[in-house]
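This report examines a pair of packed helices and a set of charged side-chain pairs. The sequence and the structure are shown below for reference.

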Amino acid sequence: MICRFSVEAERREQTPVDNLFITEYLPEAGGQEVAVYLYGLMQCYYASMREISISEALSIPPESVQKSFEYWQDKRLVRIIRDEPLTVEYLLATTPQVTTETPQKHHAFVRSLNALTAPRQFDMRELKVVFEFIETYGMEEGAVLELVSYCMQLKGRSVSANYLKAVAQSWCEEGVITTEQANRYLEDYASRRHGASEVLKRWNKRRKPTLDEMNLYDRWIKEWGFDSEAILAVCPELVSVGTPTFAILNDRLYELYSRHKVRKEDIVEESKDYSSDREFARLVFSRMGKIEPPTKSNVAQLAAFVNDRGLPKQVVLLAAEASADAERPFGLLKTILKDWCERGINTVQQAEKELVDRERRPKGRKKDMFDYEKQRKLSNADVASMYVNLDEDI
């Protein structure tokens, strides 16, 4: 006789995790290693959970599962019995062996680190993480000191070893491993943060820029060729949108960049033209009796009639007044202006005459679907020819 819980029942059970594992081993482990350890621990307690492999359950390759268990074997938490099939034996968690001796080659570095972090002193577990930056990542000691200082500015003196490790990995991915490279990186970061902060200050927003906002600012400077003065010159025109954001500013700068206008002088001139066009669009909307402000598209379309097609502004205003009573005033305005452009009506006198003629023109009545007046009149002969005797053989 065999009795056991169903898989569904065992999924509702609890897997006990030793607090020693959480406090001593988990902080240094990666997310994948922790996931593999915990899933395997659950399988130790509940046999039916072994029906699905750890690889399948966590959606990771079998090689990653093997590597994770090798990590825990090095920590003396498991023992790999065999590789095929992978058989792992879990051991009791014990306090990790901690050495209190600093390697001779790192003595000078540790003194410099202690002076930097005082009054805090890193324990040996934290120092092992920091030594990894030097021995595994290949960072110079000076670069590591710059990294620790930078992280403490962001997170305070209680910054965790895990955070230091995450930043160190990020720096190495970007090729920042020497002291000189670290100094340049931090100068660049300060510059980006300062520039993004100036944008926020220009909009009266009293907060620090986010990492995404600083990355956008970095793109504007490095990839698109704007300088800080050019970027700040665009900020005022965005206030009219209500709540300016870095995303809106990014769209505007890309528009300028695509037209090769990245200098402050070009932007100032562009802003003057845009302001003038916007004010004219507001006047046009007022003449049409529209209360809402013109959109950016409205401004651009009206500017095209004036700047590109050469219509005088007074002519456009006359057409706006003539469109005031329409159901869709702006649509009628565009129709009138397009018609005038095609017919060469481009002076105030011509436009006024056209509007007068338009008023005098008789209103055409809508045609009925069936125009009975124009129906064909049939003679008796016509009717007779249409007659069919249903009783006659054909």
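At roughly what angle do the axes of helix 10 (residues 179-202) and helix 12 (residues 228-238) cross?

## Packing of helix 10 and helix 12

The model discussed here is predicted. In this model, the axes of helix 10 and helix 12 cross at roughly 25° and come within 10 Å. Because angles under 35 degrees count as roughly parallel, helix 10 and helix 12 are described as roughly parallel to each other. The crossing of helix 10 past helix 12 is right-handed.

Helix 10 contributes Glu-198, Val-199 and Arg-202 to the contact, and these residues meet Ile-231, Leu-232 and Cys-235 of helix 12. By residue class, the contact of helix 10 with helix 12 comprises four nonpolar and two charged residues, with no polar ones.

## Salt bridges involving Arg-343

Side chains of opposite charge can pair when their charged atoms come close. In the whole structure, 15 salt bridges are found. One of the pairs is Asp-339 with Arg-343, which meet at an N to O distance of 2.8 Å. Both residues belong to helix 17 (residues 329-343), and because they are four residues apart there, about one helical turn separates them. Asp-339 is partly exposed, with a relative accessible area of 30%, and Arg-343 is likewise partly exposed, at 45%.

Arg-343 also forms a salt bridge with Glu-354, with the closest N and O atoms 3.0 Å apart. Arg-343 lies in helix 17 whereas Glu-354 lies in helix 18 (residues 348-360), so this pair ties together parts that are 11 residues apart in sequence. Which class of accessibility, buried or exposed, applies to Glu-354? Glu-354 is buried, because its relative accessible area of 11% falls under the 20% cut-off.

Notes:
Residues are numbered from 1 along each chain as its sequence is written. This is a predicted model: local features need pLDDT of at least 70, side-chain atom pairs count only at pLDDT 80 or more; totals for chains, interfaces and linings use all residues. Side-chain values use heavy atoms; hydrogens and water are left out. A salt bridge is a side-chain nitrogen of Lys or Arg within 4 Å of a carboxyl oxygen of Asp or Glu. Helices (H or I, at least four residues) and strands (E, at least two) are DSSP runs, numbered from the N terminus. Buried means under 20% relative accessible area, exposed over 50%, partly exposed in between (1.4 Å probe, protein chains only). Axes are lines fitted to C-alpha atoms, for helices over the stretch in contact, and angles run from 0 to 180 degrees between N-to-C directions. Angles under 35 degrees count as roughly parallel, over 145 as roughly antiparallel, 65 to 115 as roughly perpendicular and the rest as oblique. A crossing is left-handed if the near helix is turned anticlockwise from the far one by less than a right angle, and right-handed if clockwise. Contact means heavy atoms within 4.5 Å. Ala, Val, Leu, Ile, Met, Phe, Trp, Tyr, Cys and Pro count as nonpolar, Asp, Glu, Lys and Arg as charged, and the others, Gly among them, as polar.
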